[in-house]
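The sequence and structure are shown first, and the description follows.

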Amino acid sequence: MTAPDAIVSLLENDTAVAAIISDRIYPLYRTQEAITPCVTYQLIVNEPSNTKIGPSITDQTLYQINCIANTFTEALALKTAVRNALDYKTIDGIQQIVFENESALWDDGAGLRGETAYKQEYSIRENRYRDWE
């Protein structure tokens with residue numbers, strides 16, 4: 001399982017997250033027509049763990065998760081549910097997901113749209129199995 005697959009799977013299968021966003025989880029960005037609350041995710045950096053005999057079999061990645069909601073209270077509930085769903089989790093092909101930091105997101109149009117958002121970053125150690133033959 002890849003890191004993006006793990007993020008989506010863990011969030012979709014968490015009852016607290018699903019109660020808030022259903023299945024509204026988008027890679028990279030959301031369209032203007034997308035319904036909030038929702039979550040977006042994107043890769044920030046991928047650092048391979050190179051070996052002496054070949055390409056990396058384990059990557060250390062950093063993913064940004066954006067929790068976008070209609071109200072401040074809803075955003076707080078969503079960011080808490082997302083963190084509980086992802087932090088210190090393991091899943092097939094993923095050694096561990098670790099919460100790194102969080103901050104409020106702001107853009108000039110957010111207030112006009114009536115939205116509140118938080119950005120969270122997670123380190124994900126991902127196995128990259130290779131056929132060495």
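## Residues with positive phi

Leu 28 counts as exposed because its relative accessibility is 55%; here exposed means over 50% relative accessible area, buried under 20%, and partly exposed in between, computed with a 1.4 Å probe on protein chains only. Leu 28 lies in the loop between β1 and β2. Its phi is near 70°, a positive value in a residue other than glycine. The structure is a predicted model, in which local features need pLDDT of at least 70 and side-chain atom pairs count only at pLDDT 80 or more, while totals for chains, interfaces and linings use all residues. Residues are numbered from 1 along each chain as its sequence is written, and side-chain values use heavy atoms, with hydrogens and water left out.

Ser 22 also has a positive phi, near 60°, and is likewise a residue other than glycine. Ser 22 belongs to the loop between α2 (15-21) and β1. Helices (H or I, at least four residues) and strands (E, at least two) are DSSP runs, numbered from the N terminus. With a relative accessibility of 40%, Ser 22 counts as partly exposed.

## A cis peptide bond

Thr 36 and Pro 37 are joined by a cis peptide bond, with omega at about 5°. Pro 37 is located in the loop between β1 (25-27) and β2 (38-48).

Is Glu 126 buried or exposed? Glu 126 is buried, because its relative accessible area is 12%. This residue is part of strand β6 (residues 116-127).

Leaving aside residues up to four places away in sequence, Glu 126 touches several others, including Met 1, Thr 2, Ala 3, Ile 57 and Asp 59; a contact means heavy atoms within 4.5 Å. The side chain of Glu 126 also reaches the backbone nitrogen of Ala 3 at 3.4 Å. The C-alpha atoms of Glu 126 and Ile 97 are separated by 8.9 Å, and these two residues are 29 residues apart along the chain.

## Aromatic rings and charges

One aromatic pair is found in a search of the whole structure. Phe 99 and Tyr 122 form this pair, which is edge-to-face, with 5.6 Å from centre to centre and 70° between the planes. Rings of Phe, Tyr and Trp (its six-membered ring) pair if their centres lie within 6.5 Å; planes under 30 degrees apart count as stacked, over 60 as edge-to-face and the rest as tilted. The pair links distant parts of the chain, with Phe 99 in strand β5 (residues 94-105) and Tyr 122 in strand β6, 23 residues apart. Both Phe 99 and Tyr 122 are buried.

The ring of Phe 99 also has the charged end of Arg 83 over it, 3.7 Å from its centre. A charge sits over a ring if NZ of Lys or CZ of Arg is within 6 Å of the ring centre and within 35 degrees of the ring normal. The charged end of Lys 79 sits over the ring of Tyr 118, 5.1 Å from the centre of that ring.

## Cysteines

How many disulfides are counted? The count comes to zero, where a disulfide is a pair of cysteine sulfur atoms within 2.5 Å. For Cys 38, the closest cysteine sulfur is that of Cys 67, and the two sulfurs are 9.3 Å apart, which is too far for a bond. Cys 67 is accordingly in no disulfide.

Cys 38 counts as buried because its relative accessibility is 0%. Cys 67 is buried, with a relative accessible area of 0%.

Definitions and conventions: Polar contact = N/O pair within 3.5 Å; in protein donor to acceptor, adjacent residues only side chain to side chain.
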